[in-house]
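User: I am new to this structure and would like to learn how to read its features one at a time. May we begin once it is displayed?

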Amino acid sequence: MAPKKHSGFMMFVNEWRQNNSQGRNMTLAQAVTHCGDMWKNLTMQQRGPYNSSAKDADVQARATKERLNCCGQAISDVDKAQREMTDSVLQMKRTIERMVMDAKKSHDLENTKFVFCAFNYFTKALKSDVYMPAEFAACEYSLKEGIMSVYSTLIDPGHIIFGQASDAQQHASTTHGLPLPPKALGEKNMEKLYSQIVAYLTKCHGNKPLIVFTPTENMAVVKSCMRFLACESDKDALDGLNKIIVYDIQYLFLVLKKEVLSIAGLPDDKINIYVTDTIFLRDFFEFTPEIACQFHEVNDRAKYCTQSMVKRWCFIFSDYMCGDLAITVKPGKHIPPKTRPNYKVIPADGSSLSRESSFDSFYSLPGSRSTQGDKNRNASPTGSQRSTASAYVPTDHTVFASGLNEGTEFPSLGDRRPKGRRAPAGGAGQRELGAWNLPAPSRTLNEFSDDDFSVVGAGNRNRH
Ligand SMILES: [Zn+2]
């Protein structure tokens, strides 16, 4: 809206009121009525100074007035908000870098704990960033121990935002599938829930700030849901609101990978945010069974379960980094339960293995993989000791193929089998002669003579 214009008449009224004791006792309305007649009697020249000072006041007002953008917001306010946003992102990045660097300096990076957390929501308010929480999960993670503890709960906020039942229904049916309020499951007391969450985070962090990590696109949801829970709780908890800090897990993924590589003495020049984001967002463990909460496991919505999400992030971290630090991965902690590790940490007891790289990547050549597996089997039958060297142990599926016991009986399968599993000596050598199940030769090798080879030229030479 354009600023209200000043008039020469009002300038005259103001001046008259200031200069007359009678005027000072009048209200503005009385003064206007009183001055109306006086103003009528003024000539154009006499009115001139008042009109020009009114004009000056207009110009002055326009100069001091905030400039607005097309949405009617003051441009300076928008700029300020943007600057604060950039500052907070910068501060977040610096804090994450400092956390990781401090841990590396104290040689304790693998034991440093991080807390990952996720919210599912029923619906979002149309004009603000208020989300109604539906499910919450948090999990404590370190590279060495993997998943250390998990906190997970369903939430019943009691109602959904008026007029948004259809949105909520749509969102639920395409994602988490949780029943909507008033039939929602889980914790109804927001105050209690919030204090439980704060207590869990305090247990994880000790006296440090309560920092939780979540993917970039979930940060707004997590911040808003935390605010939602905090609003419903008492004042003590409201103080706690400032204590829970939501940071970007994808940036942590990048910084941590770089530091892990630098500890392992490997080059990190090909690692950047685009590479790590791609790996993180690929969600390799998306269809892992038995890591979701009971509701989502039963209803086959495990992918959208927050408990499954936070565990999957842990698996992605472990999968990408534990190999570089030669950390023995444990099923259920670093990798999904009932999964065999794709590498094994073996001792470097002066054997030739110590020359090998610390991590045999999943993508290494199949040939090198099987030889390392064989060496590993000889060097460390238990595989329980740790060292800087490791080797890949191939998963042997051929054993289950058509119930064959011997590689030689179906050699095309047997060739893929590690040598260590071959049948013991005593007939093994003989069997391997007929490697392709060809009919056995009727004569032994030393029964052949030159006459068996009818080479024309050679025969002629003998005769002469
Ligand atoms: Zn769930």
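User: Leaving aside its neighbours within four places in sequence, which residues is G8 in contact with?

Analyst: Two residues are in contact if their C-beta atoms, placed from the backbone, lie within 7 Å. On that basis, G8 is in contact with R47, Y50, N51 and A54, its neighbours within four places in sequence being left aside. G8 and A54 are 46 residues apart in sequence, and their C-alpha atoms are 5.3 Å apart in space. Please note that this is a predicted model, in which local features need pLDDT of at least 70 and side-chain atom pairs count only at pLDDT 80 or more, while totals for chains, interfaces and linings use all residues. Residues are numbered from 1 along each chain as its sequence is written.

User: Why does G8 count as partly exposed?

Analyst: A residue is buried if 20 or more other C-beta atoms lie within 10 Å of its own, exposed if 12 or fewer, and partly exposed in between; C-beta atoms are placed from the backbone. G8 counts as partly exposed because it has 18 C-beta neighbours inside 10 Å.

User: In which helix does G8 lie, and which residues of α1 are buried?

Analyst: Helices (H or I, at least four residues) and strands (E, at least two) are DSSP runs, numbered from the N terminus. G8 lies in helix α1, residues 8–19. In α1, M11, F12, V13 and R17 are buried. The buried residues of α1 pack against α2 (21–24), α3 (28–41) and α4 (44–64).

User: How many helices and strands does the chain have?

Analyst: The chain has 17 helices and 7 strands. Of its 464 residues, 28% count as buried.

User: How should I read the pairing of strands, and in which sense do β1 and β2 pair?

Analyst: Two strands pair if DSSP finds at least two bridges between them. Strand β1 (residues 114–124) pairs with β2 in the antiparallel sense over 9 bridges, and N120 has E135 in β2 as its bridge partner. A hairpin of 6 residues joins β1 to β2. On to the next strand: β2 and β3 (residues 146–154) run antiparallel and are joined by 8 bridges, with C139 bridged to V150 in β3. Between β2 and β3, the hairpin has 3 residues. Strand β2 (residues 131–142) is mostly covered, as 12 of its 12 residues are buried.

User: At what angle do the axes of α10 and α11 cross?

Analyst: Axes are lines fitted to C-alpha atoms, for helices over the stretch in contact, and angles run from 0 to 180 degrees between N-to-C directions. The axes of α10 (residues 249–264) and α11 (residues 273–281) cross at roughly 115 degrees and come within 9 Å. Q250, F253, L254 and K257 in α10 meet I273, T276, D277 and F280 in α11.
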